[in-house]
Amino acid sequence: TRLAALMAAVLCCAPVYALKPGDAVDPAVLTRLKIDPDKVTVVDFFAEWCLSCRKELPLISAVHGRANAKKVDFVGVDTDESIQVAEAFQKEMRAKGALSFRVVNDPGQELVNAFKPKGYPALYVVHGGKVVKEHLGAMPNVDKLIEQDLKALGLH
C-alpha cells in the first residue's frame with residue numbers, strides 16, 4: 001500500500017503537458033472521436049463562449065466542404081459544460097451554415113483534458129494516431145493554415 005500511495009502521489013502531482021506535434025493520442029480518445037487511422041483528422045476544440053471560435057468555425061467548415069472526404073475527416077469537440085448550451089450553439093451555427101462537420105460534446109472535459117490545449121480555439125491535425133500539427137489561439141486565416149497542413153501531407 002505504501003507503493004500505491006507513492007504512485008498515486010506521483011501521478012497526482014506530475015506536470016500536465018499539452019499534446020504537441022509528434023505526440024501519440026490516447027487510443028481511447030481516438031475511439032471516442034471515431035478517428036479513422038487511415039485518414040487525416042482535423043480536431044477542432046471550441047465552446048459557445050469563445051468569440052474567436054465563432055469566427056473560425058465558418059472558415060473550418062469551408063475547408064471541410066472542399067476537402068477530400070475519403071482522405072480527410074473533421075470533428076469538432078464542444079467543450080461547453082452544459083449540453084443544452086452546446087446543442088443550442090451548434091444548432092445556431094449549423095443554421096448559419098457555419099458548422100458543417102460532426103461534433104462530439106465534451107461536458108465532462110475528458111477530451112479537452114486529454115489534449116490539454118493552451119488556449120482557445122484549439123485545432124489539431126491527427127494522423128496515424130499522432131498529432132502532426134497544432135494551431136492554438138485566435139487565427140483569422142485558420143482556413144489557409146489547415147489547407148497548408150493538408151497540402152504538406154499530400155492531401156489538398
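I began with D73, which counts as buried because its relative accessibility of 16% falls under the 20% cut-off. I keep in mind that I am reading a predicted model.

I then looked for the partner of D73 and found R102, the two side chains meeting in a salt bridge with N and O 2.9 Å apart. The pair links distant parts of the chain, since D73 sits in strand β2 (residues 72–78) and R102 in strand β3 (residues 102–105), 29 residues apart. I noted R102 as partly exposed, at 29% relative accessibility.

Next I turned to R66 and E147, which form a salt bridge whose closest N and O atoms are 2.4 Å apart. R66 belongs to helix α3 (residues 51–66) and E147 to helix α6 (residues 142–152), so this pair ties together parts that are 81 residues apart in sequence. When I checked accessibility, R66 came out as partly exposed, with a relative accessible area of 45%, whereas E147 counts as buried at 18%.

Through salt bridges that share partners, E48, R54, E92 and K96 are joined into one network.

Lastly I asked how many salt bridges the count comes to, and I recorded 8.

Note on methods: Residues numbered from 1 in each chain as written. Predicted model: local features only at pLDDT ≥ 70, side-chain atom pairs only at ≥ 80, totals over all residues. Heavy atoms only, no water. Salt bridge = Lys/Arg side-chain N within 4 Å of Asp/Glu carboxyl O. Helix = DSSP H or I, 4+ residues; strand = E, 2+ residues; numbered from the N terminus. Buried < 20%, exposed > 50% of the residue type's maximum accessible area, 1.4 Å probe, protein only.
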